Every structure is written in structure tokens, then in C-alpha cells.
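Could you have a look at this one when you get a minute? My notes follow the picture.

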Amino acid sequence: MSENTAPAGLPHLEKLDRDDCLRLISPGGVGRIAFTHPGGPVILPVNYTVEQGAVLFRTALGGPMDADLRTGVNGADFMVAFEVDRIDERTREGWSVLVRGGAHHVTGDVHKEVETWAGGERPLYIRIVPVEISGRRIQHG
């Protein structure tokens, strides 16, 4: 039995292609960014949107994503992971999308506004340009 097939009524795991992944995350919402902090790995929730195939979110100046995602080297990016999922605990079904890529501090104009739930100033935009997008969906069939 392969990962994508299961007897009727049992859960099966389906790999999602890049287009399906982008379609699922394109409405925006809440995702989690994972990156390396001097004290160890960090995962933080952020409000995001998708702009031209890249993930875009806002954060505070001087916060952990401001300092920790700057290499200080022109053209060098920190690699990050960004994850979005939608889970229905009642049915035990859902999907998860993982985006891996370089985090860029946006210095010019952005085409989409990103609404943030967190209070305070969030003037810094960060864009994740994907080098890899993968996803899976679990369903009962």
C-alpha cells in the first residue's frame, strides 16, 4: 500500500504539488516561521499574505526577526522554514504546507498590505522567496 492509497474508510496521506500548496496558502492568515536564533531554533506565529508566489509578513523593528534574519552580507540570505496548516480535529483531516527559502527584508514598496493581529508597530516587511514548497493532505476515503 503506498502513501497515497488506503482501503476505503481509512485515512490516506496525499502529497500536494507546488500549485496546490500555493492555492491553499494564498488566502493568507496565520503561519509559523522557523529560524535559527543565537540561543537555538525559534518558531513564531505571524500573519502573512502571498504576493507573487512569495510569503510576505510584517514584524517589529529591533525584534528577533529583524536582527536574526539579517546576514550583514549583501546578497546572502538566512534560510527559513514557513509552515501553514488547516486541521479539523473532529474529522482528523487537514493539510499542511511547508515553504523553505531565503528571508529578505523588504526595502521598497509592497503591493499587498498584511494585517497583523499583534499590537504595536510592525513596519518591517519580510519576504520569503521559496526554493522549495511541499505539502500533504490527510483525508478519509
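Here are my points, starting with confidence and working down to single residues.

1. Keep in mind that this is a predicted model. Confidence averages a pLDDT of 86 over the protein, with 87% of the residues at 70 or more. By element, helix 1 comes out with the highest mean, 97. The lowest mean, 74, belongs to helix 2, residues 64-68, which is where I'd read the model with that value in mind.

2. On to the overall layout. The protein has seven strands and two helices, and the order along the sequence is β-α-β-β-β-α-β-β-β. Taking contacts with a separation of 6 or more, 65% are between residues 24 or more positions apart.

3. What about burial and surface? Buried residues make up 38% of the 141 in the protein. The accessible surface is about 8,400 Å², and carbon and sulfur atoms account for 52% of that.

4. Now the inside. The largest nonpolar core holds 26 residues, and Ile25, Ile33 and Phe82 have the most contacts within it. Helix 1 (18-25) supplies at least two residues of this core, and so does each of strand 2 (29-37), strand 3 (40-51), strand 4 (54-59), strand 5 (78-88), strand 6 (93-105) and strand 7 (124-140).

5. Which residues is isoleucine 25 in contact with, leaving aside neighbours within four places in sequence? The list runs to Tyr48, Val50, Val55, Val84, Trp95, Val97 and Val99. Ile25 is also among the residues with the most contacts inside the largest nonpolar core.

6. Next, strands 2 and 3. Their pairing is antiparallel and runs over nine bridges. Two residues lie between strand 2 and strand 3, and the two strands form a hairpin.

7. Strand 3 is also paired with strand 4. These two run antiparallel and are joined by four bridges. Here tyrosine 48 stands opposite phenylalanine 57 of strand 4; Tyr48 is also one of the residues in contact with Ile25.

Conventions. Residues numbered from 1 in each chain as written. Predicted model: local features only at pLDDT ≥ 70, side-chain atom pairs only at ≥ 80, totals over all residues. Heavy atoms only, no water. Core = buried A, V, L, I, M, F, W, Y, C linked by side-chain atoms within 4.5 Å. Buried < 20%, exposed > 50% of the residue type's maximum accessible area, 1.4 Å probe, protein only. Contact = heavy atoms within 4.5 Å. pLDDT = per-residue confidence, 0-100. Areas by Shrake-Rupley, 256 points an atom, 1.4 Å probe, with all protein chains shown as cover. Pairing = 2+ DSSP bridges.
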